[in-house]
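This report goes through a protein model sheet by sheet and then looks at some details of its backbone. Please keep the structure in view while reading.

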Amino acid sequence: MTRDERYMLRCFDLAVLGAGRTSPNPMVGAVLVYEDRIIGEGFHARYGASHAEVNAVTSVPASLRHLIPKSTLYVSLEPCCITGKTGPCTNLILEQGIPRVVVSCLDLSPGVAGRGIAILQSAGVEVTLGVLEKEGKHLSRFRNHFVTRQAPYVILKYAVTPSGQFAPTGNLQSWITGPLSRRFTHRLRSETDAILIGARTAAIDNPQLDNRYYFGASPLRIVLDRHLALPDNLHLFDGASPTLVVNELKSEKDTARKVEYLHIDFGEGFLPRLLGELHRRKISTLLVEGGARLIRSFYDAGLWQEAYIYTGSVDFPAGIAAPQCPGECVETFVIGGDTLRLYRPLSSE
Ligand SMILES: NC(=O)c1ccc[n+]([C@@H]2O[C@H](COP(=O)([O-])OP(=O)(O)OC[C@H]3O[C@@H](n4cnc5c(N)ncnc54)[C@H](OP(=O)(O)O)[C@@H]3O)[C@@H](O)[C@H]2O)c1
């Protein structure tokens with residue numbers, strides 16, 4: 001491993017400390033290095049707060065600040081050159097006289113996408129781009145997908161039994177996986193902006209759809225209820241966290257119950273329309289938790305980026321078949337008595 005790669009790994013470690021809090025901004029980490037010694041480091045801690053580069057520079061103790069113009073700045077994502085919630089990081093780098101910047105991958109946001117690098121280079125800063133680029137792109141995948149596709153990054157999650165069943169027949173709710181898998185799911189929930197389920201899953205399972213078993217916040221709950229037929233006494237309507245009810249009858253807010261009704265045409269092109277609406281609401285990651293029909297519709301439309309599929313250890317006496325994932329398995333984990341496989345679409349990097 002090269003020296004640049006070692007410091008870039010530190011940037012990645014710092015970046016993920018912002019997981020679940022920066023959306024729709026990316027997770028970013030930065031370190032300032034003088035003669036093989038870290039003199040400052042920082043990460044983007046939450047949406048609207050200062051960027052990683054700013055935090056790295058301000059973290060340098062007063063006694064070492066004179067070293068900044070002789071240091072290298074490592075940053076996991078291209079420094080921004082636009083004014084958003086905060087000023088451009090390229091200005092900060094030039095003001096501080098930092099002579100070398102090492103970047104893992106480009107920020108594909110409109111107005112940046114290589115311009116941040118070009119501004120630095122034309123001001124005489126030495127820029128090295130592409131250090132641990134694959135890993136950097138992975139870290140920034142939510143943001144870069146969100147800004148280039150104008151849609152949230154979609155993660156599907158569901159469980160199957162050893163023989164491929166999805167649920168018992170007869171509208172019964174039944175657990176397939178164990179408590180450790182549940183905790184991992186809650187971690188996924190803590191890192192995503194919203195969870196989507198279909199109407200039958202809401203009616204049969206009555207899920208709380210919150211994050212109870214991991215640190216961090218609970219996502220927005222979204223349910224498809226085309227004809228507003230779901231009963232009011234479901235957990236989704238308990239006011240514990242906000243719920244968006246996607247339907248074909250009305251757009252309305254019920255502030256007291258933290259429920260918003262969103263009218264969308266369920267006809268041809270429904271899923272892209274829904275994802276476009278979620279993009280407008282700055283939802284950059286969407287976790288889809290079933291049921292089978294909803295998962296299949298994402299597969300059929302090719303509108304998914306990752307699928308986490310658990311396999312439990314027990315079959316039902318009779319059950320409905322699980323959707324067939326059209327992707328490739330890229331990682332397998334053992335979680336307690338369950339197996340968890342991560343799939344990606346065949347065409348993705
Ligand atoms: N194994 C697991 O991980 C897991 C996870 C969740 C649920 N489940 C089980 O799965 C079963 C429910 O699955 P399901 O397939 O019957 O139902 P579902 O997908 O939860 O809900 C189906 C309903 O949601 C609406 N819907 C879903 N996808 C849609 C789309 N693309 N466009 C428009 N509307 C859409 C439709 O409502 P309208 O008919 O009103 O239009 C449809 O009838 C339950 O038994 C539940 O326990 C298992």
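## Strand 3 and its partners

Strand 1 (residues 29–34) pairs with strand 3 in the antiparallel sense, and 4 bridges hold this pairing. At one point along it, Leu32 stands opposite Leu73 in strand 3. The model is a predicted one, and this applies to every value in the report.

Strand 3 also pairs with strand 4 (residues 100–105); these two run parallel and are joined by 5 bridges. Here Leu77 has Cys105 in strand 4 as its bridge partner. Between the two strands comes helix 3 (residues 89–96), and strand 3, helix 3 and strand 4 together make a right-handed β-α-β unit. Strand 3 itself, which covers residues 72–77, is mostly covered: 6 of its 6 residues are buried. A residue counts as buried here if 20 or more other C-beta atoms lie within 10 Å of its own.

Strands of a sheet pair through backbone hydrogen bonds, either parallel or antiparallel.

At one end of the order, strand 1 and strand 2 pair in the antiparallel sense over 6 bridges.

Another open sheet is formed by 10 strands, in the order 11-12-10-9-8-13-6-14-17-16, and its pairing is mixed. Which strands stand at the edges of this sheet? They are strand 11 (252–254) and strand 16 (328–335); each has a single partner strand, so one side of each is left without a neighbour in the sheet. The twist of this sheet averages 20° from one strand to the next.

Within the sheet, strand 6 (residues 153–160) and strand 14 (residues 306–311) pair in the parallel sense over 6 bridges. Val160 stands opposite Thr311 in strand 14. Helix 10 (residues 292–301) packs on the sheet, and the strands touched by helix 10 are strand 6, strand 8 (194–197), strand 9 (220–224) and strand 13 (285–288). The direction of helix 10 makes about 135° with that of strand 6.

## Two domains

The domain assignment divides the chain into domain 1 (3–146) and domain 2 (151–344). Taken over C-alpha atoms, the centres of domain 1 and domain 2 are separated by 34 Å. How many residues does each domain give to the contact? Domain 1 gives 9 residues and domain 2 gives 12. On the side of domain 1 that touches domain 2, there are 4 nonpolar, 3 polar and 2 charged residues.

Most residues other than glycine have a negative phi, and most peptide bonds are trans. Some places in this model depart from that pattern. The peptide bond from Ser23 to Pro24 is cis, with omega near 5°, and Pro24 lies in the loop between helix 1 (3–15) and strand 1. Gly290 and Gly291 are also joined by a cis peptide bond, with omega about 5°. Gly291 is found in the loop between strand 13 and helix 10.

Asn206 has a phi near 45°, a positive value in a residue other than glycine. Asn206 sits in the loop between helix 8 (199–205) and strand 9. Lys282 likewise has a positive phi, near 60°, and its place is in the loop between helix 9 (270–280) and strand 13.

Key:
Residues numbered from 1 in each chain as written. Predicted model: local features only at pLDDT ≥ 70, side-chain atom pairs only at ≥ 80, totals over all residues. Domains from an automatic or database assignment. Contact = placed C-beta atoms within 7 Å. Nonpolar A, V, L, I, M, F, W, Y, C, P; charged D, E, K, R; others polar. Buried ≥ 20, exposed ≤ 12 C-beta atoms within 10 Å, placed from the backbone. Pairing = 2+ DSSP bridges. Right-handed = clockwise from strand over helix to strand, strands pointing away. Axes fitted to C-alpha atoms, helices over the stretch in contact; angles between N-to-C directions.
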